[in-house]
Amino acid sequence: MLRRLLVAVTLLFAVLTPAAHADPGVLLSARATTVFVGPFPAPVRAWHLLYRSTSATGAPNAVSGTLLVPPTPWLRGGPRPLITYAAGTHGLGDQCAPSSLLARGIENESALLAQALSQGWAVVVTDYEGLGTPGTHTYAVGQSEGRAVLDAARAAVSVPGAGLSPSGPVGVFGYSQGGQAAAWAAELQKSYAPSVNVVGVAAGGVPADLNAVFAANDGGAAFGLILGAATGFAAAYPDVPFTSILNDRGREAVARVSQACTVELGAAAPFAHLKDFVTVPDPIHDSRWQARLTQNELGTTAPSMPVFLYHASLDELIPFSVGTALRDRWQAAGAKVTWQEFPLLEHIGGVSVGGPVAMSWLGTKF
């Protein structure tokens, strides 16, 4: 036990020390790797990255990811386009990170990655804060996710031999948790990463209002996602009361959730309520919780680039009204929003049908 702790502390020091002295988006390391589609190596050049990013509270951190570049030269004029890809919910365990799943050939978003790569575009996939790196994954915390997405693009263009240009066009893609991350990247780009030439953002199934998403899922079939989000917020914001108010059932559930991947996370506590896991009656309306949830509510800043926003009308996880409200707030603020509703589809159907449409829309911006 002591040996494992010493190894973890050593790794944490090795990762965070260079990050603390680097600017956001600086590439800390890149090593060639192989990614798989099932048992077969994917026909791309690939690098596993570690790069400097910024936490939700503004602290420097180190985030990992994977860069994928088609093997054929880009001959269509100008720099090769880059997609900075924000994956949907993968879970909180390090083994769930997109980089890990790509290396094992079990990444469930491979079809969308392949769609982008088949066009000759490069793709960089962030693992987000704390997923595959020391610390707890700050799941559902948009302020952290959006920065990780933008910094992945900054780091990707620095990879030796990748052939990418810092001035090349960048598209941002994401659905569900990835939609939240992509939408936050859209809002943050102008102030946080103005050098990144983002020409379009495609975001679907966006949990833009986490209070509304909590209300829709408290007592729902996928309540485990709420426990995951609470764990992520507690990791991002030490002032948010969570671990200190858990009861025995809550501590046991959070221990499982903290190591779970997508399916196990969603099914961790079906039809349960948050009040079943805590010792206080209504923690979500604590002023400290509300302050941090408000900081992660989308729609207060108009993206400066065109946005493709889409939502499944029967989404059982992210209410359709949450998507239309974000659309309305952005449009009222002057953003250029292309809106697409996908009727009679639930959450997974929304990305199955809408994801390829959204990726094609990004191609019109290159």
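Here is a short exchange about a predicted model. Local features need pLDDT of at least 70 and side-chain atom pairs 80 or more, while totals for chains, interfaces and linings use all residues. Residues are numbered from 1 along each chain as its sequence is written, and side-chain values use heavy atoms, without hydrogens and water.

Trainee: Which cysteines form a disulfide, and how far apart are their sulfur atoms?

Mentor: A disulfide is a pair of cysteine sulfur atoms within 2.5 Å. The structure holds one. The partners are Cys96 and Cys261, with sulfur atoms 2.1 Å apart.

Trainee: How many residues apart in sequence are the parts that this pair ties together?

Mentor: Helices (H or I, at least four residues) and strands (E, at least two) are DSSP runs, numbered from the N terminus. Cys96 lies in the loop between strand S6 and helix H2, and Cys261 in the loop between helices H8 and H9, so the parts tied together are apart in sequence by 165 residues.

Trainee: Is Cys96 buried or exposed?

Mentor: Buried means under 20% relative accessible area, exposed over 50%, partly exposed in between (1.4 Å probe, protein chains only). Cys96 has 1% relative accessibility, so Cys96 counts as buried.

Trainee: What span should helix H4 have?

Mentor: The expected span is 1.5 Å times one less than the number of residues. H4 has 15 residues, and its end C-alpha atoms are 21 Å apart.

Trainee: Arg327 sits over which ring?

Mentor: A charge sits over a ring if NZ of Lys or CZ of Arg is within 6 Å of the ring centre and within 35 degrees of the ring normal. The charged end of Arg327 is 4.9 Å from the ring centre of Trp339.
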